[in-house]
2 protein chains.
Amino acid sequence: MPKIGMEPIRRRALIDAAILAIGERGSLDVTMSDIAGRAGVSTALAHHYFGGKEDLLHAAMRHVLAELGGDLRRAVAGKQGIERVEAVIAVNFSPKQFQPEIVSAWLAFYVEAQHSTPLRRLLRIYARRLHSNLLYALRPLMADAVARRAAEGIAALIDGLYIRRALKDGPPDAASAGALVQDYLELQVKAERSS
Amino acid sequence: MPKIGMEPIRRRALIDAAILAIGERGSLDVTMSDIAGRAGVSTALAHHYFGGKEDLLHAAMRHVLAELGGDLRRAVAGKQGIERVEAVIAVNFSPKQFQPEIVSAWLAFYVEAQHSTPLRRLLRIYARRLHSNLLYALRPLMADAVARRAAEGIAALIDGLYIRRALKDGPPDAASAGALVQDYLELQVKAERSS
DNA sequence: TTTTCTTGATTGATCAGTCAATCAAAACTA
DNA sequence: TAGTTTTGATTGACTGATCAATCAAGAAAA
């Protein structure tokens, strides 16, 4: 039943399968055979479309990153100040992004980035964008040094809550995890007002 | 030059080598041959003393955990309230614990714990102890619900800063990472006093 | 001599990656 | 239209490399 124009369909199926496999296993230590099987094709086809395992894994990571990046861009569009920060937090704890499989995949990519320069570069770009996003929104609300620290803290809190989610430890639901970060933000803003 | 009583020496050397290897690689995906080589022995000897790879890795993790646990117990001994919380924070960002290799090893263990029940159990025990430690110290300082949230937040912040350390992102030195958590603690305490 | 420590060599399993062959739609031709 | 060729899609079978685990044998103390 081969038809023309299968390529984009297969690529997408393989990427989705890879993310799911990585998310379930919690690490990049998955076999091509597992991924291909989930996508309903042979390993040879995965190699045909992606070249090698690394390429497929990197494509999967780029997909996860682009997905979050897109959500983030849409969420902050036109927003300023505290509303903008709240939007950033909300996206990170949205049902779509805070899914256990996606969170686990993130953690796996973080680990891999430690010894893969291209992956680290990708993550660095995303981290920088998040940071400047937060900083831009926080600067009108507080002194520069405080804003920098707050941005740093929010980013770290999000990462920490992601880890704890992957381990099924910590706050069980997205809502209370998000509330915890919101609370941190409010504390910083209040402290600044009373100074 | 085999002598008697080598066992403890070799075990220790192999565990140290394993931690170093895991820390450098940033994941548990290290070979017995690598570990044994670092310890200056053959792979066969590693199997002789530890049975299998898993056992050695678990022993390494238990060692890292025991080390931090010991430091923690010593640090909080006799301390109460805010001093106790500060001691907990200080230990987590001490030069010994915040070393890049140790931090990377932690991250690797976190990842592995996602699909290893015994490892998850070990981590869970440690996490609980940390949590109740913080809670016990925070309760006199603030309302119960607030104390719980603060404990949750401090733990998540520490984890988040560990991740960022492993990725060489975020605050570069232990001091400013620790200061960030201290700042969070102070905000919570101040907010409580003014309510 | 016995016991403890140690290893080289080997085995078996797992996997990424390759390749030549198949299949079926699409495009072309008479 | 009917037949033929081309082309993209797809796979099973194979290869080579890596690695955990085993084992029987050797070397040095006791």
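**Close-up views of a predicted two-chain model**

About 3,300 Å² of area is buried between chain B and chain A, and carbon and sulfur atoms give 64% of that area. The model shown in these views is predicted.

**View 1. The interface between chain B and chain A.** The contact draws on 37 residues from chain B and 37 residues from chain A. Eight salt bridges are counted between chain B and chain A. In one of them, the side chain of Arg149(B) meets that of Asp183(A), with 2.9 Å from N to O.

**View 2. The side of chain B that touches chain A.** Four helices of chain B, namely α6 (100-113), α7 (117-138), α8 (144-166) and α9 (174-193), each supply at least two residues of the side that touches chain A. The largest share of this side is that of α8(B), with twelve residues. By residue class, the side of chain B that touches chain A divides into 18 nonpolar, nine polar and ten charged residues.

**View 3. The rotation axis relating the two chains.** Chain B is superposed on chain A by a rotation of 180° with 0.0 Å of shift along the axis, and the RMSD is 0.0 Å. The two copies are therefore related as by a two-fold rotation axis. Both copies use the same surface, since 100% of the contact residues of chain B recur in chain A. Among the residues of chain B, Gly160(B) comes closest to the rotation axis, its C-alpha lying at 1.9 Å.

**View 4. The surroundings of Ala155(B).** Ala155(B) belongs to helix α8 of chain B. The relative accessible area of Ala155(B) is 5%, so this residue is buried, the cut-off being under 20%. When residues up to four places away in sequence are not counted, Ala155(B) touches Arg164(A) and Leu130(B). Ala155(B) and His131(B) stand 24 residues apart in sequence, and their C-alpha atoms are 7.5 Å apart in space.

**View 5. A salt bridge in helix α1 of chain A.** Over all chains, the whole structure holds 28 salt bridges. One pair in such a bridge is Arg11(A) and Glu7(A), whose closest N and O atoms are 3.1 Å apart. Both residues lie in helix α1 (residues 7-25) of chain A, four residues apart, about one turn of the helix. Arg11(A) is partly exposed at 31% relative accessibility, and Glu7(A) is partly exposed at 38%.

View 6. Arg38(B) forms a salt bridge with Asp34(B), and 3.0 Å separates the closest N and O atoms. Because these two residues are four apart in helix α2 (residues 32-39) of chain B, about one helical turn lies between Arg38(B) and Asp34(B). Relative accessibility is 35% for Arg38(B), which counts as partly exposed. Asp34(B), at 28%, likewise counts as partly exposed.

View 7. The side chains of Arg139(B) and Asp144(B) form a salt bridge of 2.9 Å from N to O. Arg139(B) is partly exposed, with a relative accessible area of 38%, and Asp144(B) is partly exposed, with a relative accessible area of 38%. In chain A, Glu67(A), Asp71(A), Arg74(A) and Lys96(A) are joined into one network by salt bridges that share partners.

Terms used
Residues numbered from 1 in each chain as written. Chains lettered and ligands numbered in written order. Predicted model: local features only at pLDDT ≥ 70, side-chain atom pairs only at ≥ 80, totals over all residues. Heavy atoms only, no water. Contact = heavy atoms within 4.5 Å. Buried area = accessible area lost by both parts, 1.4 Å probe. Salt bridge = Lys/Arg side-chain N within 4 Å of Asp/Glu carboxyl O. Nonpolar A, V, L, I, M, F, W, Y, C, P; charged D, E, K, R; others polar. Least-squares fit on C-alpha atoms with pLDDT ≥ 70 in both. Buried < 20%, exposed > 50% of the residue type's maximum accessible area, 1.4 Å probe, protein only.
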